[in-house]
Amino acid sequence: GLKLRSEYVVPEEVKAAGFQICADELGSIVEGHDSKKLIIHGGVAGIAAKLATSPTDGLDTAEDSMQRRQDIYGINKFTESETRSFWVFVWEALQDTTLIILAICAFVSLVVGITMEGWPKGAHDGLGIVASILLVVFVTATSDYRQSLQFKDLDKEKRKIQVQVTRKGFRQRISIYDLLPGDVVNLAIGDQVPADGLFISGFSLLINESSLTGESEPVVVNEENPFLLSGTKVQDGSCKMLVTTVGMRTQWGKLMATLSEGGDDETPLQVKLNGVATIIGQIGLFFAVITFIVLSQGLISKKYHDGLLLSWSGDDALAMLEHFAIAVTIVVVAVPEGLPLAVTLSLAFAMKKMMNDKALVRNLAACETMGSATTICSDKTGTLTTNHMTVVKTCICGNIREVNSPQNASKLCSELPENVVRTLLESIFNNTGGEVVINQDGKHQILGTPTETAILEFAMSIGGNFKAKRAETKIAKVEPFNSTKKRMCVLLELADGGYRAHCKGASEIVLAACDKFIDETGAVTPLDKATAGKLNGIIDGFAHEALRTLCLAYREMEEGFSIEEQLPQQGYTCIAIVGIKDPVRPGVRESVAICRSAGVTVRMVTGDNINTAKAIARECGILTEDGLAIEGPDFREKTLEELLVLVPKIQVMARSSPLDKHTLVKHLRTTFNEVVAVTGDGTNDAPALHEADIGLAMGIAGTEV
C-alpha cells in the first residue's frame with residue numbers, strides 16, 4: 001500500500017514531441033529489470049500511455065507522428081562499421097614494425113647496390129627483401145579480406161528478420177528495422193525478440209536467453225517478470241510485447257558496441273617480433289657505424305699524413321661509397337627478413353586448420369593471440385559442462401540411489417517393486433511437455449526443455465517405452481507449468497473408466513501437497529512428520545550438490561470427479577524425488593589443472609545462480625580456498641578502488657550480464673596486463689554464436705574468432 005514517489009523529470013524535447021518518458025529512462029527499466037521504476041511509471045499500461053500508444057491497437061501510423069517518435073527514440077538499427085576494401089587490409093598489413101624496418105633496408109640496399117654494381121646485379125638483394133615483404137603483406141591481407149567477406153555474408157543472413165506487429169488495430173509484417181518504441185509485437189515459438197520491451201499478455205511464455213547469458217535453462221516471462229531483451233528467443237508459448245527500447249540503446253546494441261572497442265592492439269608475438277627486430281636493427285646499425293668508421297679512418301688517416309685531407313678525387317669518393325655499402329650490408333643481413341614470412345605462413349596454415357574445424361577466424365593474428373592467453377574467462381553451460389541435463393540421483397521408496405550411468409539405472413529398475421516402476425513411468429511419460437520421437441535415422445530423439453529431456457531420458461534408461469505407456473491411458477486434462485504454482489499436472493482417464501492425477505514440480509511445493517508416500521515394499525504409506533523431515537533433508541542435500549530437484553506425485557481421483565473441476569491441491573502420494581544436473585565435461589578438471597600449472601588462470605563467468613556456479617567451479621578445480629565468487633549485481637555496484645582489489649581474486653562470477661563480462665575482461669586486460677581468452681558455447685543459439693563472448697574476444701583481447 002506504500003506509494004512510491006519518482007524524482008524523474010521528463011525532458012522538454014520529449015514533452016514537446018508528445019511523450020512523457022525518455023529513451024534512457026525506458027532503457028534503465030528493462031535492462032535493469034527495475035520493477036520499482038516500472039511500478040512508479042504505472043506498470044506496462046502506464047508506460048504505453050507515456051509512449052502515446054495502445055496496448056491493444058498499437059501505434060498510430062501518421063507520418064509526422066512516426067517521424068517524431070523516431071527523432072526522440074531512434075531507429076532499430078545497430079551502428080555498423082564501413083566495408084573495407086582489399087587495399088585497406090594491405091595498408092594495415094604494411095604497418096608492422098618489422099616490415100617497415102625491412103622496407104627501409106630494402107630501399108637503402110637498392111640505392112647503394114645499383115650505385116656500386118649497376119642494374120640489375122646491384123638490385124638483387126634489395127628486390128629479394130621487397131619480394132619477401134610483398135609476400136607477407138598479400139598473404140595476410142588476402143586471408144583477412146576473405147574472412148571479412150564471410151563474416152559480412154553471415155551478418156546479412158542473420159538480419160533478414162520480419163516480425164508481426166499491431167498498428168492501428170491491424171496485424172501486419174514489417175522488418176525489425178522499422179520497429180519503434182510503442183509498437184506492439186506479436187511473438188510465437190521460434191521468434192527472436194527484436195528489441196527490448198515489456199510483456200503485455202500471453203500464454204506459457206519461455207524465453208531462451210542463452211545468446212546473452214550462456215544459460216540454456218529458459219526464463220519464464222509473465223506479468224510478474226515482464227522484461228524482454230533483444231537477441232533472445234521464444235522457446236515456448238506466445239505473447240504480445242510492448243517495444244520500449246530500440247537500436248543501440250538495447251542491451252544487445254550496447255553489447256554490439258563493444259565489438260568496435262579496441263582490437264587495434266598488437267598481439268604478443270607481434271610485440272616480441274617488433275622488439276627483436278628493433279634490437280637487431282639497433283645492434284646491426286651500431287656495428288655498421290663502427291665498421292664504416294674503422295674502414296673510413298684508414299683512408300682519412302692516409303690522406304691526412306699525405307697532406308691531402310682537403311683534396312678528394314673520384315677514386316676516394318668511390319672508396320668511401322664502398323665502405324658505406326659494406327656497412328649497409330651488415331644492417332640488411334642483420335635484420336631477418338624471413339622471420340615475418342615464416343610467422344605469417346604458419347598463422348595462415350593455423351587459420352586453414354581452424355576453418356576445417358568449422359571455426360571462422362576474422363583476423364590472421366587471432367590464431368596467435370589465442371595461444372598467448374594468460375587468463376581464460378569461460379562460460380559454464382555447454383563449455384565446462386555438457387549442456388545436457390541428466391538425472392544423477394533419485395530418492396524412490398525413501399532410498400537415495402545414484403543413476404549417473406546406464407548400469408546404475410538398470411540396477412535401480414531391478415531393485416524397485418514392479419508397481420513402483422509402472423507408476424513412475426506413467427507419471428514421467430504422461431506428465432511432460434516433452435516428447436520421444438523417431439528421427440530420420442530411425443533412432444529415438446527426445447524433444448523438450450533440458451529438464452524435461454533429462455527426466456524422459458531417465459525413464460527410458462530404466463526400460464520405459466514412451467508410445468506404449470501413452471497408449472495405456474488417455475490424457476483428459478493438462479494444467480501446464482507456471483511460475484506461480486511451480487508445478488505441472490495432468491489428469492489421466494484410465495482403461496477401467498476412473499481418473500488419476502499426476503503432479504510434477506518444485507520439490508518442496510509438491511512434497512507439501514503429499515500426505516502419503518510409497519515405501520520400500522511398494523505400499524502406499526501415510527507421510528508422517530519424521531518421514532517428511534527426512535525427505536525435505538534429502539531435497540536440501542541434493543540442492544547443496546548443485547542438483548535441480550523435482551518431485552513426482554500422483555493421486556487416485558474419487559468416483560464422480562468431473563474433468564471440468566480444478567485438479568486438487570492436496571492429497572497426493574509421493575512417487576520420487578529426482579536430482580538433475582548438467583554434468584561437467586570429461587577432462588575439464590585435468591585441463592584446468594594443466595592451465596594452472598602453465599600459469600594460465602581460469603575464471604568462470606556465467607548467468608546461472610551462484611550456488612550452482614560455485615559447486616561446478618569446485619568440481620572443475622576453478623574455485624580454490626583463496627578464490628572469490630561474486631554475483632553480477634554486486635560486481636556492478638563496486639567502486640573502481642574496490643575492483644582493483646577484487647578483480648585478481650575473482651574466480652567465479654554468477655548471474656552476470658554480457659556487460660559484466662565486458663567490465664571484468666577490460667579490467668583484467670588494461671589494469672593487470674592480462675591476455676584474455678573468452679570462451680562460450682554456441683550450441684544453444686546457432687545464429688548468435690554466443691556473440692556476447694565472441695564480441696568480448698574481438699573487441700578486448702584483440703582476438704576475432
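This is a predicted model: local features need pLDDT of at least 70, side-chain atom pairs count only at pLDDT 80 or more; totals for chains, interfaces and linings use all residues.

Student: How many bridges join β9 to β10, and in which sense do the strands run?

Tutor: As a general idea, the strands of a sheet pair through backbone hydrogen bonds, in either a parallel or an antiparallel sense. Here β9 and β10 (residues 399-402) run antiparallel and are joined by 4 bridges. Within this pairing, Ile396 stands opposite Asn399 in β10.

Student: With what else does β9 pair?

Tutor: β9 also pairs with β19, again in the antiparallel sense, over 6 bridges. In that pairing Cys395 is opposite Ile577 in β19.

Student: Why is β9 described as largely enclosed by the rest of the structure?

Tutor: The reasoning rests on burial, for which the cut-off is under 20% relative accessible area. Of the 7 residues of β9, 6 are buried, so the strand is largely enclosed by the rest of the structure. For the protein as a whole, buried residues make up 47% of the 705 residues.

Student: Which residues have the most contacts inside the largest nonpolar core?

Tutor: That core has 30 residues, and those with the most contacts inside it are Ile396, Leu424, Ile428, Phe458 and Ile580. The elements that give two or more residues to it are β9 (390-396), α16 (406-415), α17 (418-430), α18 (450-461), β18 (548-556) and β19 (572-581). Of these, α17 gives the most, with 6 residues. If neighbours within four places in sequence are left aside, Ile428 is in contact with Ile455, Leu456, Phe458, Ala459 and Leu552. There is also a second, separate core of 27 residues, which includes Val392, Leu491, Leu547 and Tyr572.

Student: Is a loop residue such as Leu179 buried or exposed?

Tutor: Leu179 lies in the loop between β2 (170-175) and β3 (184-187). Leu179 is buried, its relative accessible area being 0%. Its contacts, apart from neighbours within four places in sequence, are with Asn76, Val163, Val165, Arg167, Ile174, Val185, Pro194 and Val246. Across the protein, among contacts with a separation of 6 or more, 70% are between residues 24 or more positions apart.

Student: What is the strand order in the open sheet of 5 strands?

Tutor: The order is β21-β22-β20-β8-β23, with parallel pairing. The edge strands, β21 (628-631) and β23 (676-679), each pair on one side only. From one strand to the next, the twist averages 20°.

Student: At what angle do helices α22 and α23 pack?

Tutor: Helix α22 (residues 588-597) and helix α23 (residues 610-620) pack at about 70°, with their axes 8 Å apart. Angles of 65 to 115 degrees count as roughly perpendicular, and α22 and α23 are therefore roughly perpendicular to each other. Val588, Arg589 and Val592 in α22 meet Arg618, Glu619 and Cys620 in α23. By class, this contact has 3 nonpolar, no polar and 3 charged residues.

Definitions and conventions: Residues are numbered from 1 along each chain as its sequence is written. Side-chain values use heavy atoms; hydrogens and water are left out. Axes are lines fitted to C-alpha atoms, for helices over the stretch in contact, and angles run from 0 to 180 degrees between N-to-C directions. Angles under 35 degrees count as roughly parallel, over 145 as roughly antiparallel, 65 to 115 as roughly perpendicular and the rest as oblique. Contact means heavy atoms within 4.5 Å. Ala, Val, Leu, Ile, Met, Phe, Trp, Tyr, Cys and Pro count as nonpolar, Asp, Glu, Lys and Arg as charged, and the others, Gly among them, as polar. A nonpolar core is a set of buried Ala, Val, Leu, Ile, Met, Phe, Trp, Tyr and Cys residues joined through side-chain atoms within 4.5 Å. Buried means under 20% relative accessible area, exposed over 50%, partly exposed in between (1.4 Å probe, protein chains only). Two strands pair if DSSP finds at least two bridges between them.
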